[in-house]
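Subject: Structure handover

Hello,

Here is the structure I promised to pass on. Please open it first, then read my notes below.

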Amino acid sequence: MDFDDVVPFQGSMVPVRGTILNMSRGDDCCSQMISLRTENGIVNFHVGVNTLIAENRQLRRGMEVVAYYDSNLPVPLIFPPQYRAQVIAVPGRNEQVMLSYFDRNLLSSDRSLQLNIGPNTTVRTANGQNFGCRPGDQTLLVFYSATTRSLPPQTTPRLIIVIC
């Protein structure tokens with residue numbers, strides 16, 4: 001699978017968190033349309049062959065997800081809004097997900113999160129392989145729960161997916 005269409009993200013990715021209400025076939029047999037119920041209403045997403053589904057999770061109705069779309073891409077002016085999903089992540093219970101570029105010190109590009117790699121932190125590539133290098137200076141999809149109250153908040157994530 002070619003992920004060239006979904007990188008480097010660099011600040012244009014917008015997260016939408018919600019619960020999958022409905023799933024249907026998209027324009028062809030290799031795509032789907034999913035409807036999310038969010039706190040702001042219904043949002044529809046086109047899920048295509050270039051959409052990165054974190055951890056290759058099977059999406060299903062009732063599942064809470066975080067879908068990211070590229071705010072630089074054109075969208076149809078319809079209601080409910082419809083976006084092309086670039087990344088979809090399924091957070092665990094009481095878990096947050098962040099997609100951002102992290103510098104060599106593992107500080108997010110918006111300076112809102114500092115990562116600390118712990119012994120139980122799993123670091124993988126988008127295709128599920130172990131990542132053998134330090135994950136700094138990369139776009140990362142980070143799964144975490146607790147953060148410190150420091151500025152910036154710090155966390156030891158459960159999982160880091162490196163978007164190479």
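Leu106 counts as buried, at 1% relative accessibility. Buried means under 20% relative accessible area, exposed means over 50%, and partly exposed is in between (1.4 Å probe, protein chains only). Leu106 sits in the loop between β7 and β8. Its phi is positive, about 65°, although Leu106 is not a glycine.

Some ground rules. This is a predicted model, in which local features need pLDDT of at least 70 and side-chain atom pairs count only at pLDDT 80 or more, while totals for chains, interfaces and linings use all residues. Residues are numbered from 1 along each chain as its sequence is written, and side-chain values use heavy atoms, with hydrogens and water left out.

On confidence: pLDDT is the predictor's confidence in each residue, from 0 to 100. The chain averages 92, and 93% of the residues score at least 70. Residues 1-7 have a pLDDT below 50. Beyond near neighbours in sequence, that stretch has twelve contacts in the model. Contact here means heavy atoms within 4.5 Å.

Ser108 is buried, with a relative accessibility of 2%. Not counting residues up to four places away in sequence, Ser108 touches Met98, Ser100, Tyr101, Phe102 and Leu113. Pro152 is 44 residues from Ser108 along the chain, and their C-alpha atoms are separated by 9.4 Å.

Next, Gln114. This residue lies in strand β8 (residues 114-115). Strands are DSSP runs (E, at least two residues), and helices are runs of H or I with at least four; both are numbered from the N terminus. Gln114 is buried, with a relative accessible area of 16%. A polar atom of the Gln114 side chain lies 3.5 Å from the backbone oxygen of Leu106. Leaving aside neighbours within four places in sequence, Gln114 is in contact with residues including Asn105, Leu107, Pro153 and Thr155. Pro152 is also one of the contacts of Gln114.

Pro152 itself is found in the loop between β10 and β11 (154-155). The peptide bond from Leu151 to Pro152 is cis, with omega near -5°. A cis peptide bond also joins Phe79 and Pro80, with omega about 0°. Pro80 is in the loop between β5 and β6.

Now the sheet. Four strands form an open sheet in the order β7-β10-β12-β9, with mixed pairing. Two strands pair if DSSP finds at least two bridges between them. β7 (96-102) and β9 (122-125) stand at the edges with a single partner strand each, so one side of each has no neighbour in the sheet. On average, neighbouring strands are turned by 20° against each other, direction ignored. The axes behind that angle are lines fitted to C-alpha atoms (for helices, over the stretch in contact), and angles run from 0 to 180 degrees between N-to-C directions.

What surrounds β12 in this sheet? β9 runs parallel to β12 (residues 159-163), joined by four bridges. Val123 stands opposite Ile160 in β12. β10 (residues 138-144) pairs with β12 in the antiparallel sense over five bridges. Thr139 stands opposite Ile163 in β12. Five of the five residues of β12 are buried, so the strand is largely enclosed by the rest of the structure. Both faces are covered: Leu159, Ile161 and Ile163 are on one side, Ile160 and Val162 on the other.

One more loop residue: Asp137 is found between β9 and β10. Asp137 is not a glycine, yet its phi is positive, near 60°. With 42% relative accessibility, Asp137 counts as partly exposed.

Finally, the cores. A nonpolar core is a set of buried Ala, Val, Leu, Ile, Met, Phe, Trp, Tyr and Cys residues joined through side-chain atoms within 4.5 Å. The largest has 17 residues, and those with the most contacts inside it are Leu36, Phe45, Leu59, Val65 and Ile88. β1 (13-25), β2 (32-38), β3 (41-47), β5 (64-70) and β6 (82-89) each supply at least two residues of this core. Apart from it lies another core, of 15 residues, among them Val66, Val87, Ala89 and Leu159.

Best wishes

Conventions. Polar contact = N/O pair within 3.5 Å; in protein donor to acceptor, adjacent residues only side chain to side chain.
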